[in-house]
Amino acid sequence: MYHTCQSVVDESNGDNAYVDKVVRALVAVSLYNREIDITKYAKSDADKTALRDKFVEDLAEGCKKDKNSLLAGVIDSAVADTLSSK
């Protein structure tokens, strides 16, 4: 994908579902490329919620550092950071 942290927000025109769709697609690519089976990290709903919350925090921090960073790279780093904390 061609998006930066800022461009996905700009292109969404306030449609959070659009941003969510783009982020989910890029997370799926990151997990696939890293050959990660997320079920090894999250067995329960509470585990999934904790992972999601940590990922969102890591993603927000990455985008805060540079809103013009490629979103795919920020997401890939957030996935790695989130799972390394488990």
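Me: Why is arginine 34 called partly exposed?
Reply: In this predicted model, arginine 34 has a relative accessible area of 38%. Buried would need under 20% and exposed over 50%, so 38% falls in between and arginine 34 is partly exposed.

Me: What makes arginine 34 and aspartate 76 a salt bridge?
Reply: The closest N and O atoms of the two are 3.0 Å apart. The cut-off is within 4 Å, so the pair counts as a salt bridge. This pair links distant parts of the chain: arginine 34 sits in the loop between α2 and α3, while aspartate 76 belongs to helix α4, 42 residues apart.

Me: And aspartate 76, why does that count as partly exposed?
Reply: Its relative accessibility is 26%. That value lies between the 20% and 50% limits, so aspartate 76 is partly exposed.

Me: Why is arginine 24 called exposed?
Reply: Arginine 24 has a relative accessible area of 56%.

Me: What makes aspartate 53 and arginine 52 a salt bridge?
Reply: Here the closest N and O atoms are 3.5 Å apart. This is within 4 Å, so aspartate 53 and arginine 52 form a salt bridge too.

How values were computed: Residues numbered from 1 in each chain as written. Predicted model: local features only at pLDDT ≥ 70, side-chain atom pairs only at ≥ 80, totals over all residues. Heavy atoms only, no water. Buried < 20%, exposed > 50% of the residue type's maximum accessible area, 1.4 Å probe, protein only. Salt bridge = Lys/Arg side-chain N within 4 Å of Asp/Glu carboxyl O. Helix = DSSP H or I, 4+ residues; strand = E, 2+ residues; numbered from the N terminus.
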